[in-house]
Amino acid sequence: MKSSLKNMVLTLLIITLVSSTAVGLVYLITEGPIAEAKGNKTTGALSKVLPEGDITNDPTADKQIVSLDDMEIIVYPARNADGVVGYAVESSTKKGFSGTFKLMVGFNSDMEIVNIEVLQHAETPGLGSKMGDPDNVLLVSFKGKSPANMKLSVKKDGGDVDAITASTITSVAYIDAVKRAYDAVLSLNDGGLK
Amino acid sequence: MGKLQTLTKGIIKENPSFVLLLGMCPMLGTTSSAINGLSMGIATLFVLTLSNIAISLIKDFIPAKVRIPSFIVVIASFVTVVQLCMEAFVPELYATLGVFIPLIVVNCIILGRAEAFASKNNVVDSALDGIGMGLGFTMALVLLGTVREALGAGSFFGYKFIEGDGILLFVLAPGAFIALGYLLVIFNKLTAKFK
Amino acid sequence: MEYFAIIIGAIFVNNIVLAQFLGICPFLGVSNKVETSMGMGAAVTFVMAISSVVVYLIQYHILVPLEIQYMQTIVFILVIASLVQMVEIMLKKLSPALYQALGIFLPLITTNCAVLGVAIILVQKEYSLLESVVFSVSSAVGFSLALVLFAGLRERLDFEDVPKAMKGVPIALVTAGILAMAFMGFSGLV
C-alpha cells in the first residue's frame with residue numbers, strides 16, 4: 001500500500017487504539033487473579049513463619065507499616081485471647097548480590113525466630129538462591145534464637161551466623177534483612193511484646 | 001513450498017537459534033534450568049504465532065513506511081497479554097523469568113519473522129511458520145537448559161541425579177556462553193553430515 | 001557512595017552483556033573490529049542516556065498517575081523506537097560529523113534489547129531521576145567496555161588456527177564465556 005501522511009497517521013492510530021483496548025480488556029480480566037496470587041503468597045508465607053497454635057485475629061488486617069531507612073517493613077501481629085503470640089515481618093534489603101530481596105521473618109512471643117521464608121529474590125541460582133532452601137545454613141543459624149542474643153554478622157567477621165559457601169554478600173544481606181525485621185518490631189509503639 | 005515444509009523448516013533447517021542465530025538474549029538468559037527454558041520457549045511460541053497471524057491479516061492495510069512501528073505495536077500488545085496472563089496464573093514462573101518476558105518484544109526472531117514471512121504470506125502459512133519457528137526456538141532453549149542444568153546442578157528437569165552440587169559455572173553466566181558455543185559446534189557437525 | 005556503588009555495579013559486577021545477557025545480538029554482530037564496536041558503544045550510550053530520562057518522566061508522570069502501568073512494555077518500546085528516529089534526524093541536521101560516525105548504528109539500536117531492558121530495570125528498582133541517568137550511562141559504559149574488549153579478542157582470533165567446526169560464532173561464544181568468567185572476578189566489589 002502507498003504511504004501518504006493521512007493513511008499513515010490513520011493506520012497507526014487505529015492499530016494503537018485496537019491494541020490498547022485489547023490489552024486493557026485482558027488487564028481487567030487478569031486483575032483479580034493477579035491480586036489473588038499475590039495475596040495467597042503472603043498468607044502462605046504467614047502460615048509458614050508464625051508460631052503454631054491458636055491465632056484468632058487476621059494478621060493481614062492488623063498489619064502495621066514501619067519505615068526504616070526509607071524502606072517499608074510490614075509487621076503482621078498474630079494474637080489470641082492471651083495477647084500477642086508472635087509477629088511475622090515482611091522485611092527487605094537492598095544489599096543483595098543482585099539487588100533487593102524480600103524475606104518474611106516470623107518471631108514468637110519471646111522474640112525468637114520461628115522460621116524465615118524468602119518471598120522474592122534475584123540471587124544467583126545455585127549460589128545465593130540457596131538462602132531459600134529448607135534448612136540451609138543461614139536459616140539454621142537463626143532458627144529458635146533471638147537476634148538480641150546474637151552477634152549479627154557472618155562468622156568470618158566474628159559473628160554468630162554461618163554464611164552460605166561462596167555467597168558471602170547474599171548472607172550479609174540476609175542478616176541485614178533479619179536485623180531490620182527485628183528492629184521494626186522493637187520500634188512499634190508497644191516496644192515489642194514485653 | 002508445501003505446508004508441512006513451512007511448519008518443519010524452523011525446527012532444523014532454519015532453526016532460529018542454531019542456524020539463524022537470532023534471539024540470543026533470552027537463549028542465554030533464561031536457560032539456567034531446563035524448565036525455565038521450556039517456559040520461555042512456550043511464551044515466545046505463543047507471541048510468535050499470534051503476531052504472525054495478526055500481521056498477515058492486516059498486512060494489506062498498512063502503508064509501507066509505518067510497517068515496522070505497526071508490527072512493533074502488535075507484537076508489544078501480545079507480549080503484554082502473555083505477561084499479564086503469566087502473572088495471574090503462574091506467578092512463580094513469572095518471577096523466575098523476570099525481565100525477559102517484556103523483552104520478548106525485542107526478540108529479533110519475532111520482528112524478523114513478521115518482516116520476512118508474515119508480511120508476505122497468507123494466514124495459514126504464517127501461523128504454521130510461527131509454530132515451526134517457535135518450536136525450533138523452544139527446542140534450542142530446552143536443549144541448552146538441559147545441558148546447563150545437568151552439568152551445573154546435576155539434575156534433569158528438577159530431579160537430582162547426583163549428590164551435592166554440580167559444576168556451578170554452568171548455571172552462571174560464563175557457562176551459558178560456553179555451553180551454547182559447544183552446542184553450536186555439535187549442531188554444525190551433525191547438520192554438515194546430513195547435507 | 002550510593003552513586004559510586006551503582007556505577008561500579010553496572011559496569012563491572014552486573015555487566016549488562018556478560019552477566020545479565022542483554023544486548024547479545026549487537027555484542028556478537030558488531031564485534032569484528034575494535035573501531036566499529038567503539039562507534040556502536042558510543043551510539044548506545046547516547047541513546048540510553050536520553051531514553052532513561054524520557055522513560056522516567058513517562059513512568060512517573062503519565063503511567064503511574066493514570067494507573068496504567070501494565071501498558072509499560074508497549075509505551076516504552078514505542079518511545080525508544082521514536083527516540084532513536086528523532087536522534088537520527090537531529091544528528092543529521094545538527095552535527096553531520098557525529099552522524100557520519102554513529103549514523104549506521106542508530107537503526108540497529110531499536111532492536112537492541114539492552115535499551116528496553118535497562119528501561120524496565122530502572123522502573124523495577126525504583127531509581128530516582130538522577131540514579132536512573134547514572135545507572136543507564138554506567139550500563140552503557142559496561143556494554144561498550146565488554147564490546148570493545150571482545151572485539152579486541154576477536155581481531156586476534158582471526159589470525160589463530162581455529163578448528164573448522166568452531167570457526168565463527170562458536171569460538172566467539174566460548175571466548176565470551178571466558179570473558180564473562182573474568183568479569184566474575186569483580187563480584188564482591190560492591
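Modeller: A polar contact is a pair of N or O atoms within 3.5 Å. Keep that cut-off in mind, and remember that this is a predicted model.

Colleague: Does Asn108(A) count as buried or exposed, and why?

Modeller: Asn108(A) sits in strand S4 of chain A, residues 99-108. Buried means under 20% relative accessible area. Asn108(A) has 18% relative accessibility, so Asn108(A) counts as buried.

Colleague: How far apart in space are Asn108(A) and Leu50(A)?

Modeller: In sequence, 58 residues separate Asn108(A) and Leu50(A). In space, C-alpha to C-alpha, the distance is 7.1 Å.

Colleague: What area is buried between chain B and chain C?

Modeller: The contact takes 35 residues from chain B and 33 residues from chain C. Carbon and sulfur atoms give 88% of the buried area. The area itself is about 2,900 Å².

Colleague: How many salt bridges does the rule find across the interface of chain B and chain C?

Modeller: Between chain B and chain C, one residue pair is in polar contact, both at pLDDT 80 or more. For salt bridges, the rule finds zero.

Colleague: Which element gives the most to the side of chain B that touches chain C?

Modeller: Four helices of chain B each give two or more residues to that side: H2 (24-29), H4 (67-89), H6 (108-118) and H8 (173-194). The residues there divide into 28 nonpolar, six polar and one charged. With twelve residues, the element that gives the most is H8(B).

Notes: Residues are numbered from 1 along each chain as its sequence is written. Chains are lettered from A and ligands numbered from 1 in the order in which they are written. This is a predicted model: local features need pLDDT of at least 70, side-chain atom pairs count only at pLDDT 80 or more; totals for chains, interfaces and linings use all residues. Side-chain values use heavy atoms; hydrogens and water are left out. Contact means heavy atoms within 4.5 Å. Buried area is the accessible area (1.4 Å probe) that two parts lose on being put together, summed over both. A salt bridge is a side-chain nitrogen of Lys or Arg within 4 Å of a carboxyl oxygen of Asp or Glu. A polar contact is a pair of N or O atoms within 3.5 Å; within protein, one must be able to donate a hydrogen and the other to accept it, and residues adjacent in sequence count only if both atoms are side-chain atoms. Ala, Val, Leu, Ile, Met, Phe, Trp, Tyr, Cys and Pro count as nonpolar, Asp, Glu, Lys and Arg as charged, and the others, Gly among them, as polar. Buried means under 20% relative accessible area, exposed over 50%, partly exposed in between (1.4 Å probe, protein chains only).
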